[in-house]
Amino acid sequence: MYVCGGVIPELSGRNVRLRAMAAADAPALLGIWSHSEVAPWLDGPPLSSVEDAEALIALLTEWAAEEESLRWSILGPDGDVIGSCGYNHWQLEGAYRGEIGFELSPAAMRRGYMREALELMLEFGFRSMGLNRIEAICIPDNLRAQRLLTGLGFRQEGLLRQYRHTASGYQDVQMYSLLQGEAGAGRRT
């Protein structure tokens, strides 16, 4: 079973390309991660400078080398960085499951780019990583993410009460999952 062997594979679709994050992506990713329409949904400290974004990219790259996490920059049709997505963590032996995370520039929303990026990522998870279950944790108010997940075939399993602690206190989240046998259920025909 192939995970990544410390190398982040490039995945290409019709309109988007997923590739390893690079320090040069920091300005674009900072703009996305700190955007008022994106930042409230992220589980992480707020970023306030390009240096903060570069440090996060370096950390994510280190985790990928250690096979702790796997994160891609999403490139749009023009080759510009429009978001990121990846596996926050996974467990093979004994579970064969992984948890995903994703975010997209508001300027690139409503064009199907994130759906295509997630389809590439899900296929990689099921086929190359050998996952049986892929999970996504979603803040209950994030209706856009919920629609995307259910459109891809994910099922909501329930509410995890006070699952995370944030600067504003404890936060409930909803658990979604997609099983390998269900993969492709939400794909467009």
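# Close-up views of the predicted model

**View A. Arg19 and the residues around it.** Arg19 touches Glu10, Asp25, Trp72, Ser73, Leu75 and Val81, when residues up to four places away in sequence are not counted; here a contact means that heavy atoms lie within 4.5 Å. This is a predicted model, in which local features need a pLDDT of at least 70 and side-chain atom pairs count only at pLDDT 80 or more, while totals for chains, interfaces and linings use all residues. Residues are numbered from 1 along each chain as its sequence is written, and side-chain values use heavy atoms, with hydrogens and water left out. Arg19 lies in strand 2, where strands (E, at least two residues) and helices (H or I, at least four residues) are DSSP runs numbered from the N terminus. The side chain of Arg19 also makes a polar contact of 2.8 Å with the side chain of Asp25. A polar contact is a pair of N or O atoms within 3.5 Å; within protein, one atom must be able to donate a hydrogen and the other to accept it, and residues adjacent in sequence count only if both atoms are side-chain atoms.

**View B. Arg71 and its polar partners.** Arg71 lies in strand 3 and, at 10% relative accessibility, counts as buried; buried means under 20% relative accessible area, exposed means over 50%, and partly exposed covers what is in between, with a 1.4 Å probe and protein chains only. Its side chain makes a polar contact of 3.3 Å with the side chain of Ser84, and another polar contact, of 2.8 Å, joins the side chains of Arg71 and Glu103. Leaving out residues up to four places away in sequence, the residues that Arg71 touches include Ile8, Met21, Leu60, Cys85 and Phe102.

**View C. The aromatic pair of Trp72 and Phe124.** The structure holds 1 aromatic pair. The ring centres of Trp72 and Phe124 are 5.8 Å apart and the ring planes stand at 90 degrees, so the pair is edge-to-face. Trp72 in strand 3 (residues 70–75) and Phe124 in helix 3 (residues 113–128) are 52 residues apart, so that the pair links distant parts of the chain. Rings of Phe, Tyr and Trp (its six-membered ring) pair if their centres lie within 6.5 Å, and planes under 30 degrees apart count as stacked, over 60 as edge-to-face and the rest as tilted.

View D. Two strands pair if DSSP finds at least two bridges between them. Strands of a sheet pair through backbone hydrogen bonds, either parallel or antiparallel. Strand 1 (residues 11–12) and strand 2 (residues 17–20) run antiparallel and are joined by 2 bridges, with a hairpin of 4 residues between them; Ser12 has Arg17 as its bridge partner in strand 2. Strand 2 and strand 3, also antiparallel, are joined by 4 bridges, and Leu18 has its bridge partner, Ile74, in strand 3.

**View F. The buried face of helix 4.** Helix 4 (residues 143–151) has Ala145, Gln146, Leu148 and Leu149 as its buried residues. Seen down the helix axis, these residues fall within an arc of 165 degrees, so they line one face of helix 4; the arc is that of the directions from the helix axis to the C-beta atoms. Among the elements that cover these buried residues are strand 5, helix 3, strand 6 and strand 8. Just after helix 4, Gly153 takes a positive phi of about 100 degrees.
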